[in-house]
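Hello,

Here is the structure I promised to hand over.

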Amino acid sequence: MRSGFVAAAAVAAAVQFTPAAALAQGSLNLICSADVVICELLENRFEKDTGIDVNMVRMSSGEAYAKIRAEARNPKTDVWWAGTGDPHLQAAAEGLTLEYKSPRLPELHTWAVRQAESADYRTVGVYAGALGWGYNSEILAKKGLKEPKCWADLLDPAYKGEIQMANPNSSGTAYTALATLVQIMGEDKAFDYLKKLNANISQYTKSGSAPVKAAARGETTVGIVFMHDAVAQAVEGFPVKTVAPCEGTGYEIGSMSIVKGARNLENAKKWYDWVLSPEIQSLMKDAKSFQLPSNKNAAVPPEAPKFEEIRLIDYDFKVYGDPEKRKALLQRWDREIGALAN
């Protein structure tokens, strides 16, 4: 692995925890920003292992960040688990999350520890995933399309209406894609690229994994996603092929944070330490989640993308995890890309 690897609308849809429930002995209010299958697996296993009642809501990274920010004066969430690291770093920079040094830190990969160090231990890496896409090989063959191996290939006019990606305002996956292209091409050229790509986009989804699920079902040809989400569809038996872009690509460090003002702080710390253990991280494969776990002793699913075979860029988490940088990029995306999509 290379060195360096190393909105408020969501609030209305959020589960509302009552003060009585939030303060109840033995409870935990959890936002999970991973696929719902792994969210539910961990929720059920934690309740079984600890006897603590988990109130879990599944949200994309952008939605979770917006909810935690909106509730800063009266937090209703204890722990935010998973989702791309950029919004976790943004929350840390804004003082929305709590410093915590887990006794599990020495067991983690260097990239996960660096994520914690960069945020003054207000977040930590829990898994990693490389950005790419998945395509439906049957549709590709039926329509006589060439395999898209590079970012440049996605601009082929033959792909008009054949690609889906998420909206970076709601999706951490899509924000990672936006930040990746800016780092590869430079900001102005990246936005020129995205304008051209927009001509081939059929839909900007809310969820980061939705585009490749649509490709699996035959609703689109290509979904720009984290590669492990494409692998998950292939393992389910769908004709999905996974691609790592030839020019290089970014990656996520899926992260975890304890919310400042958590009402169930001790239970939040119990979850934090529990979910960083090798035993629990090894369960990811049971939920058909194929990220690289952060605990060095956890089992890596054999189907997981091989990072040593992917041309990873030296993704700058500090710069692109900065709240002002994120705000500026999203505002430009809304002006120049989102406006075209409406």
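A charge counts as sitting over a ring if NZ of Lys or CZ of Arg is within 6 Å of the ring centre and within 35 degrees of the ring normal. R326 lies over the face of Y175, at 5.9 Å from the ring centre. K101 lies over the face of Y121, at 4.6 Å from the ring centre. Please keep in mind that this is a predicted model.

Now the ring pairs. The structure holds eleven aromatic pairs. Two of them are described here.

One is W133 with W151. Their ring centres are 5.1 Å apart and their planes stand at 70°. Planes over 60 degrees apart count as edge-to-face, so this pair is edge-to-face. The pair links distant parts of the chain, 18 residues apart. W133 is in strand β4 (residues 124–136). W151 is in the loop between α7 (137–143) and β5 (163–166). W133 is buried, at 0% relative accessible area. W151 is buried too, at 1%.

Another is Y251 with Y315. Here the centres are 6.2 Å apart and the planes are at 55°, so the pair is tilted. Y251 is buried, with 0% relative accessibility. Y315 is buried at 2%.

Y251 and Y315 also belong to one aromatic cluster, together with F317 and Y320.

Best wishes

Conventions. Residues are numbered from 1 along each chain as its sequence is written. This is a predicted model: local features need pLDDT of at least 70, side-chain atom pairs count only at pLDDT 80 or more; totals for chains, interfaces and linings use all residues. Side-chain values use heavy atoms; hydrogens and water are left out. Rings of Phe, Tyr and Trp (its six-membered ring) pair if their centres lie within 6.5 Å; planes under 30 degrees apart count as stacked, over 60 as edge-to-face and the rest as tilted. Helices (H or I, at least four residues) and strands (E, at least two) are DSSP runs, numbered from the N terminus. Buried means under 20% relative accessible area, exposed over 50%, partly exposed in between (1.4 Å probe, protein chains only).
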